[in-house]
Amino acid sequence: MLKLLRRGVTIVFLLADVARAQVSPPPSDAADAAPERPGLIRAGAFYLTPYLHIGTMGIDTNVFYTATDRLTDFSASGGPGLEVVRPFGKSSRLRLDGGLDYLYFARTESQRSLNGYGTGQLELQGIKTRLLVEERYASSFRRPSYEVNARVQQETEGTQGFLRRNLGERYALALFGSRRRTTTDNQDYLGTNVGETLTEDTYEARGELRMALSVKTQLVGGGEQDWYRFPRLPERDGDSTLAYAGFRTDKTALIAGQALAGYRWFRLDTGGKRSGVYASVDAAWSLSPKTKLGALYARDFGYSAFGTTGATPTNLNETAEIYLDKLLVSNVYFRLFGRLGKLNSDGAITVVTIDGIQTAVLDDRVREAGVELGYQFRTRVRVGVTAFYTTRDATIETFGIEGLLAGLTVTYNPPQPSFR
């Protein structure tokens, strides 16, 4: 939802991203309240929540993210949506959610696009067993990754399943599997056809053993196997293996979240290899019932949108963030955060710009800071005033970014089950 401006300033007024927003609510005592009604309108055994979402509305001063000859235009996005919930007992439910999203530019007709999304989830909760299956589809016209500043038309369809079985009082086994198909329209970007590099089928299988150390703390250890297939560019096909261990705590613990560390081995079918340390930390310290201090850190490999001169067409991505959530009075909350990011490519990439051909190893740094002041309506809707500032120092000048986003946000958050 962010609109960043290269070497300039963007002021954007945001009026909601309700389609599938996953914003954490501010600290409150809502978790101790009675379960919320699963929908706005009851129709027999079903609960319906129709809504109208508005993604972004404002002035974009660099529509095409170009270094020169920048174009300014008014843009907006949004559309209708409908959520349907069928509860089964206290914890089980069937949830369907879908809608349309139209991206509009007043003058730049080439950037207008009509898209949609849909999700089906079945969650069954027993005394010792939990099963969750989800099917998801989405079409989008957006900037697909950190490396690609142009909007690209994509369709994503996938399935994921989760099974957890308690083995006595202290032990539990969790199994996870997923498949995802991403189809990208052919489009030249800086000399690369991203329709080839960003059209991908991904398959994942993961198993995890959990041991309770206390009522609120678990020791976990697991392994994951991933397979990557590129129908239009099979020389990028590969797989990876991940082994990890760490701790998870309950959301009611003094420090809630997880801290996992491990090692990933990445292999191309053609023989190229890359390996390195993996980390996933998401911890929130409840300083008081109204104040939360949190930290996040992630380190892992991901495919690059470009070919590289290294053994694999991958990037090493690292992100670190610290944030403070404060409930001021009643439902008025304040959020402050700072984020650092790093991207390193495996070898050099080559891009073709108006200044000619450039070749360099990506070793980019991103800095972002933001503040939000808002009001929480129950647990699903909140409205706030936000400001975000982002800079990116890049080894290839065309990727450099400096920008400001400020405006009004209104967010509706449907309940999203956790695959844990």
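In the predicted model, Lys342 is partly exposed, with a relative accessibility of 29%. The side chain of Lys342 forms a salt bridge with that of Glu318, at an N to O distance of 3.1 Å. Glu318 belongs to strand β18 (residues 314–329) and Lys342 to strand β19 (residues 332–353), so this pair ties together parts 24 residues apart in sequence. Glu318 itself is buried, at 15% relative accessible area.

In total, 24 salt bridges were counted. Another of these joins Arg181 and Asp201 (3.0 Å, N to O); Arg181 is in strand β9 and Asp201 in strand β12 (residues 200–212), 20 residues apart. Arg181 is partly exposed at 41% relative accessibility, whereas Asp201 is buried at 7%. Glu224 and Arg264 also form a salt bridge, with their closest N and O atoms 3.4 Å apart. Both partners are buried, Glu224 with a relative accessible area of 10% and Arg264 with 5%. Glu224 and Arg264 are part of one network of salt bridges with shared partners, which also includes Glu204, Arg206, Asp226 and Asp300.

Strand β8 (residues 152–167) pairs with β7 in the antiparallel sense over 14 bridges, and Ala138 stands opposite Thr156 of β8. Strand β9 (residues 171–184) is likewise antiparallel to β8, also through 14 bridges, with Ala172 of β9 as the bridge partner of Asn166. Three residues separate the strands of the β8 and β9 hairpin, in which Gly168 adopts a positive phi near 85°.

Within β7 (residues 129–142) lies Val133, which is partly exposed at 37% relative accessible area. Contacts of Val133 beyond four places in sequence are with Gly120, Gln121, Leu122, Gln160 and Gly161.

How values were computed. Residues numbered from 1 in each chain as written. Predicted model: local features only at pLDDT ≥ 70, side-chain atom pairs only at ≥ 80, totals over all residues. Heavy atoms only, no water. Helix = DSSP H or I, 4+ residues; strand = E, 2+ residues; numbered from the N terminus. Buried < 20%, exposed > 50% of the residue type's maximum accessible area, 1.4 Å probe, protein only. Contact = heavy atoms within 4.5 Å. Pairing = 2+ DSSP bridges. Salt bridge = Lys/Arg side-chain N within 4 Å of Asp/Glu carboxyl O.
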